[in-house]
Amino acid sequence: METTSTANEQTSRGAMWELERNLDQPMDAEAGRLRNMYREKTYPTLVLLQLAFQSLGVVFGDLGTSPLYVFYNIFPREIEDTEQVIGALSLIIYSLTLIPLVKYVFIVLRANDNGQGGTFALYSLLCRHAKINTIPNQHRTDEELTTYSRHTYDEKSLAAKIKRWLEGHEIRKNVILILVLFGTCMAVGDGILTPAISVLSATGGIQVEEPRMRNDVVVIVSVVILIGLFSMQHFGTDKVSWLFAPIVFIWFILIGILGAVNISKYDQSVLKAFNPIYVYRYFKRGKTSWASLGGIMLSITGTEALFADLSYFPVQAIQIAFTVVVFPCLLLQYTGQAAYIAQNKDHVSYAFYHSLPDSVLWPSFIVATAAAVVASQATISMTHSIIKQALALGCFPRVRIIHTSKKYLGQIYSPDINWILLIFCIAVTAGFKNQSQIANAYGTAVIMVMLVTTFLMIPIMLLVWRSHWTLVILFTALSLLVEIPYFTAVVRKIDQGGWVPLVFAVAFLIIMYVWHYGTLKRYEFEMHSKVSMAWILGLGPSLGLVRVPGVGLVYTELASGVPHIFSHFITNLPAIHSTLVFVCVKYLPVYTVPADERFLVKRIGPKNFHMFRCVARYGYKDIHKKDDDFEQMLFNSLMLFVRLESMMEEYTDSDEYSTLELNQQAGNANQRINGISTGSNMDLSYTSHDSIIQVQSPNHMGNSQVMSSGQMYQTVGDEIGFLNACRDAGVVHILGNTIIRARRDSGFIKKIAINYMYAFLRKICRENSAIFNVPHESLLNVGQVFYV
């Protein structure tokens, strides 16, 4: 008897699983239909040259203004002899060659995510090739996107083994996430320090002509310039780059010519620096040479912006600009400065200005100051870009993001981040007043970002590029051969200003990780507490619901299942709209989702429930448009789905009720479905008011008539007419205001993170209604407290 009862229970559970699966199916077929022939944009030669010119004004300003302060930070005290200068120059030459040219321009830039760069672009690539995303909201239908490129591996290959190793434990996934977040936080610190040191170094040229001028005046001038720079950001990168590109182009031509003149005028023996033997001789000089590495590393600062600012311009444009203009002009300028310093060892402070002829000092000062402003633009643009990527992947609180260009997807601006950067930047400039201490802080931030990029490139080369392991070892060894010595040098100067980016990084890391942790816990709770379809089928008799005219858009983070917040809504307000659409706005680890692949629509339950699911998919560069546009696109997709459903006959009455027949046969006697009692001769059907009640089944459930609003749909036009009538009656946006709290038995750190830090971040960040541009008159907030 017990065996028979157990068998009946298992059969019943199997029938209910079938019921869930058939009434709320995944969207594989729908995703397959939407696949199009999207191709990445290519640029004509003339447009590519134009973009290469523009990239000078956004990407290379930081790298181009390094000659203003490099030699002063290499030799803060006295210079022993000319060979010491030649050794330092040799290190600069080979650092520029190995890191910006070889590593970044020709290797790392190739690791872009369809034209997007930065640490989060590398992370999104890894998330597509290995299941390391800590928020498991992806579905196999997402892999059918045309921008969702990934590879498959042979099970015995090294790539497959590494993939399994990365996916094998949550700790490894979290380590990668923290590494990415740390690199991002250091890049944000870079965005704070670059404007400070670039502008302060440029305006310091005033003291060359006016030695009696106080340093406080230089600081005030720098602060005024910084305020003007940050105030211009709302115009957008496209307009700013057209304004700045000619300035930077003139700057590079100027420093290239001046460098060539100084080589011929002062000391041509510095050309020996192209012989790498002088690097070895430089290090043989002792501890002072190792200590000066922090200054030498400043010659490659701005390189990290090459990759992070990739979203603003195509790879080829940046490669052309660097190899044709930037690299040769920098080599000429550093060599020319070394030639001047070799003959004028007492003028190492502001050597760039001292080496200028008197007739061009002031024009050069103006151009240098303008170029320093542009240098700041490179890292400001980089910061906006990486914050947007972090926000889309659930690792940063919601801030306002504005698209500043209709032509180029990646050109964005965040007012909140912009003014935060300005405040910190002014604090650093006015607080230190000394470019040497700022340089130490700057060097720490830059080398940390470079090291993170190197470590992330290892799995990228193995999993994405499927490179041979020997090439991976060669790339890693060459990168670390340059970066580790620089790292050891900047670590020694942490107490001399190097602590600043670490403080910024730790603060931002805590904010980002706490936000990510809270988001993950909210998602996990909603996944575990989602409402079963059996409960949905029993809503009518249990609550006596009334379907009111209109469309209810219920926003949820779940791409499958009905969220728990919906049951809370119905329990407190026992009425639902005549049409319900569960809307999931989901960001994927791709840079963009083409507009015609954005929406996936599926029906939930039988037809006259009028319940649908719509998943709106976005990439980390996409922005949720105005609500009117979004709403219209959603309804267009809904109408298209209804037509396709009718044409392809995917949902017939017999299909819908076959699972109910299984349920009927499995019951034999009375059974309980989430507290709803149904007998063996009972069927779930519908009244003229679309409520769900129990009615007697005649003979066969397949003969049941599906009634809606008093009549059965004869054509697809009837249902479309019904949906249009519902929309005309009004659209209400139902948003869940979910608050999570730590349980009483939770640890102290978890309570602090959830109850205070995450709660504070949610309070000060933008509301969902603002992000979705929901008008207040059609907004309904449903609040609920979850304990995690």
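What follows is a set of questions about labels and the rules behind them.

Tutor: This is a predicted model, so local features need pLDDT of at least 70, side-chain atom pairs count only at pLDDT 80 or more, and totals for chains, interfaces and linings use all residues. Residues are numbered from 1 along each chain as its sequence is written, and side-chain values use heavy atoms, with hydrogens and water left out.

Student: Why is F612 called buried?

Tutor: Buried means under 20% relative accessible area, exposed over 50%, and partly exposed in between (1.4 Å probe, protein chains only). F612 has 0%, so the label is buried.

Student: What makes F612 and F641 an edge-to-face pair?

Tutor: Rings of Phe, Tyr and Trp (its six-membered ring) pair if their centres lie within 6.5 Å; planes under 30 degrees apart count as stacked, over 60 as edge-to-face and the rest as tilted. For F612 and F641 the centres are 6.3 Å apart and the planes 85 degrees apart, which gives edge-to-face.

Student: Why is the pair Y587 and Y618 called tilted?

Tutor: Their planes stand at 35 degrees, with 5.7 Å centre to centre. By the ring rule that angle is neither stacked nor edge-to-face, so the pair is tilted.

Student: How do you know that R110 sits over the ring of W465?

Tutor: The rule asks for NZ of Lys or CZ of Arg within 6 Å of the ring centre and within 35 degrees of the ring normal. The charged end of R110 is 4.5 Å from the centre of the W465 ring and counts as sitting over the ring.
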